[in-house]
Amino acid sequence: MRTIIFAALLLVSVVLQAQMISDLQKSGSIKCYTIGNDSSVHYAQPLAIRLVNAARTKLEVKIPAGFVFVATDSSYQNIVITESVVATLQPGQTKQLNLRGMCMERSDHAPSGTCHYNPDKMAPEKIVKLAQFIEKNKFWSPAGQQAMWTLINDEPLYAVSSLDTSQAAILQKYLSEITGKKIEEIPEDQSYLYDYHVKPHKVTVGGEVEFDMKHKIMVVWALYSEDGILLREMYNGPVEGHQILTFEYDAEVYSDPVYYLKLVADDKVLYNKRLSFDR
């Protein structure tokens, strides 16, 4: 019993000593290099960070859920962290980590390895609460990203759309609680945009791709813009063995000349297919 109590007290002590990454960077104790993570997507692990302890003592570096990283190029998305990190570094030690986070600006380019980021500060209160809720429930998913955009852009709660309807419903309910908004039905003329089970109404573009998976894994198969922005889920669920995944979308709604189909599992992009059309 004494050993258990001592271990618990030690853990609390470590957490309490952790210092915010932005404060350590300003003091010069930590050198921080952050870029977009090309192997992931903007709602999973969008940032790769390298921390260098430039101090003479051990440091505990804290990056909490709700903390914001700002892109040095304003055409790229800023990212809010959705999983807290406490990294321990000995003097002179370097650590590299991938950070869970979500896009804060739907209209900007998704993070890439060509864009650098700087640690900034905590987001506004409601965004922090949502980031913590996503962390608590492990909603590092398209539904979680749609919830973040819905909150930031003050959209109707039905904009939290996903093929994982259970996650979407939980996130809608939570947003209703923190914003006071009512959960409304999707207007009929917008059903295709927000209900991914609805078939294309007008011009259908589609096809299929075959995969061979050695082990059963959970995947998200989705359409992305040329800038890497998630647009529409095609499939969200398990795949195993020889699998054929189909895709289709309404070309009058998604009318850009270039899109990408991505298969994402375990936060990594397993397949990335460019779709190009002459308009």
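Modeller: Strands (E, at least two residues) and helices (H or I, at least four) are DSSP runs numbered from the N terminus, and two strands pair if DSSP finds at least two bridges between them. This is a predicted model, in which local features need pLDDT of at least 70, side-chain atom pairs count only at pLDDT 80 or more, and totals for chains, interfaces and linings use all residues. Residues are numbered from 1 along each chain as its sequence is written, and side-chain values use heavy atoms, without hydrogens or water.

Colleague: What is the bridge partner of alanine 48 in E8?

Modeller: Alanine 48 has asparagine 98 as its bridge partner. Strand E3 (residues 47-53) and E8 run antiparallel and are joined by six bridges.

Colleague: What is the strand order in the open sheet?

Modeller: The order of its seven strands is E8-E3-E2-E10-E5-E6-E9, with antiparallel pairing. Strand E8 (94-99) and strand E9 (101-103) are the edge strands, each pairing on one side only.

Colleague: Now the helix: where does H4 lie?

Modeller: Helix H4 (residues 142-152) lies across strand E6 (79-81) and E9, at about 55° to E9. Angles run from 0 to 180 degrees between N-to-C directions, with axes fitted to C-alpha atoms, for helices over the stretch in contact (heavy atoms within 4.5 Å).

Colleague: Why is H4 largely enclosed?

Modeller: Ten of its eleven residues are buried, so the rest of the structure largely encloses H4. Buried means under 20% relative accessible area (1.4 Å probe, protein chains only). Trp149 is one of the buried residues, and the covering elements include helix H3 (125-137) and strand E11 (204-225).

Key
Buried < 20%, exposed > 50% of the residue type's maximum accessible area, 1.4 Å probe, protein only.
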